[in-house]
Amino acid sequence: MMNKSAKLIENLFDPAISQKPTRDGYGAGVIEAAKKNPDVVVMCADLTDSTRSTEFKKLFPERFIQAGVHEQFLAAGAAGLALGGKIPYITSYAMFCPGRAWEQVRTNICLNDVKVNIVGSHAGVSVGPDGATHQAIEDIAIMRAIPNITVIAPCDAIEAEKATVAVAESKGPSYVRYAREKTPVFTTKATPFRIGKAVTLRDGKDAAIIGCGPLLYNCLKAAEALAKEKIDVRVINCHTVKPLDQKAVLKAAKECGAIVTVEEHQVTGGLGGAVAEYLAKTAPTPQEFIGVQDKFGESGEPLELVEHFGMGVSHIKAAVKRVLKRK
Amino acid sequence: MHLHEKKLKELEIIANKLRQHVITSVANAKSGHQGGPLGMADIFTVLYFHELKHDPKKPDWPERDRLILSNGHICPIRYAAMAEAGYFPVKELMTLRKLGSRLQGHPERSKLPGTETTSGPLGAGLAQAAGLAYASRMDKKTNRIWALTSDGEHEAGLHWEAALFAGKYRLDNLVCVIDRNNIQIDGKTEDIMPLEPLRAKYEAFNWHVIECNGNDIGDVVRAFHESKNIFQRPICIIAHTMPGKGVSYMEGNFLWHSQPFKAGEAERALEELKAIAAKLKADHAAL
């Protein structure tokens, strides 16, 4: 059953559920962060509107910096801004920053230990028709491998807003991945959010789905459908992939004995990897991995692609049944 | 601006001392770079002992000038200058490149106060300096941001991204010094990937360019002083230097970009430098 303390919306499965892209949450959150802290600045790489920085630019023109199509500069230059006492949010498509700028993120931001918040929009295959070149599905892996950085994948626009505000005040650099496409808004302002603290959305004891990002809505639908088949599934929103909420993961493994991880990302090196790495040494548990199975994306409609790459409700249900057989 | 001859000689004596530190610390580490650090000794001397607004006792002083060393591999000369300036004890230079040392093979900001940034991967220093200069201007600070770069690293695309950015935003609080020593690891820069006309490139990017002899302390002081009278444009100082300057068998030889000393080589280098020191001190006394 649903966990009441998660304070999700009522009528969770209403087909007319309100939908918004998580990048909109960034747009609102960065303004909130900027109002609280005069050191917050935004630097964009020629994608101001599609990364949702236009409103910030209007409200704080003197704190908005246009860097041009210079993603490596975006990261390294932001390190400089941070060395000068600013709290920069740098925005581009995740494929280009952190994608293209990986070494600058690693050396100039993370090793340098400066407070830069990386805003990676258009993550996942749900970017849609633009195709594989623009679909970042390796970003969690390349960020998670770097010491010193916080990695967050918010599940809806409201959580994205909270994450955006939270990283202004957290310690060290951060990477938050956002999506282009509209997805259901199923959390509320009252839903708890703390960096590094997973939220149990649904209680259950037969298996646990540990997910991140907008696919969590599919996870909830899958769990609901499985409940009708008398399979009692826990759903955990593990929005912070790094640092992993080890306590919640271990508890799920011990109490449920079977795990399915779900992410709109390669199954290599993402949330599934983080969970498996941790459980392998603490409580080895059968695990299935929902995500892109070592392939590149392609053009298509967002929802169509999510299905095509095996991340739909039916795929999650099937994964739960598979993992239950391995218990 | 001209320095008194006595002051000039004093700076030359310091530069010589820094060169000796480079030899002893790199020899002690059994690895590291010599050519670049020796070639840049005069510029580091002018910066730390004449030009920079800084306080070794307060490395985080918010109003300080910022010195971003982009080509981090020449850090033995920066460490030598910092030690002599009082940032840390000179004897710590002997920990260079050792496990647990604050003096990493390539500099790390979080380990050594005053280092300003972590560097080594080439081409990233000007970008950070430009970001710093932008932040400084937002805060209406009067400090200057210095980016020390190598000529070889001008092959990196990121460097030119930063050059475009600084030109667009007219960052006149930013000075990029180029160690134009014409060598890089694989050979001469003009053979590996020609940079000339370097001056024209910067001018085309809306920078003001000043050239100087980077191994003539008087000329370096002159160039730095001239740079203060430039407005609305970032400043590029092309400093023509001799790699390995001060050690006869290293001068101009790209192999001494970095190679371990063989038996007796470090001693020979020190002998040469000490002989120069003796002459400088005699000249200084005679003034």
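Because the model is predicted, local features need pLDDT of at least 70 and side-chain atom pairs count only at pLDDT 80 or more, while totals for chains, interfaces and linings use all residues. Residues are numbered from 1 along each chain as its sequence is written, and chains are lettered from A in the order in which they are written.

**Chain B as a whole**

- Chain B holds 10 helices and seven strands; helices (H or I, at least four residues) and strands (E, at least two) are DSSP runs, numbered from the N terminus.
- Taken along the principal axes, the C-alpha atoms of chain B fill a box of roughly 50 × 40 × 40 Å.
- Of the 287 residues in chain B, 49% are buried. A residue is buried if 20 or more other C-beta atoms lie within 10 Å of its own, exposed if 12 or fewer, and partly exposed in between, with C-beta atoms placed from the backbone.
- Look at contacts in chain B between residues at least 6 apart in sequence, and 77% of them join residues at least 24 apart. Two residues are in contact if their C-beta atoms, placed from the backbone, lie within 7 Å.

**Where the chains meet**

- On the chain B side, 20 residues are in contact with 23 residues of chain A.
- Helix H5 (125–138) and helix H6 (157–168) of chain B are the elements giving two or more residues to that side, and the largest share, nine residues, comes from H5(B).
- By class, this side of chain B has 12 nonpolar, six polar and two charged residues. Ala, Val, Leu, Ile, Met, Phe, Trp, Tyr, Cys and Pro count as nonpolar, Asp, Glu, Lys and Arg as charged, and the others, Gly among them, as polar.

**The largest nonpolar core**

- This core has 192 residues, and A:Ile209, B:Ala130 and B:Ile237 touch the most other members. A nonpolar core is a set of buried Ala, Val, Leu, Ile, Met, Phe, Trp, Tyr and Cys residues joined through C-beta atoms within 7 Å.
- Helix H3 (residues 71–83) of chain A gives the core its largest share, nine residues.
- B:Ala130 touches residues of both chains, including A:Gly77, A:Gly80, B:Ala162 and B:Phe165, not counting residues up to four places away in sequence.

**Spots to find in chain A**

- A:Ala33 is found in helix H1 (residues 22–36) and is buried, because 23 other C-beta atoms lie within 10 Å. Leaving aside neighbours within four places in sequence, A:Ala33 is in contact with A:Val40, A:Thr164, A:Val165 and A:Ala168.
- The peptide bond from A:Cys97 to A:Pro98 is cis, with omega near 20 degrees; A:Pro98 is in the loop between strand S4 (87–93) and helix H4 (102–111).
- Another cis peptide bond joins A:Lys242 and A:Pro243, with omega about -5 degrees.
- Most residues other than glycine have a negative phi, and most peptide bonds are trans.
- A:Arg52 has a positive phi, near 65 degrees, and counts as buried because it has 24 C-beta neighbours inside 10 Å.
- A:Asp294 also has a positive phi, about 60 degrees, but with 8 C-beta neighbours inside 10 Å it counts as exposed.
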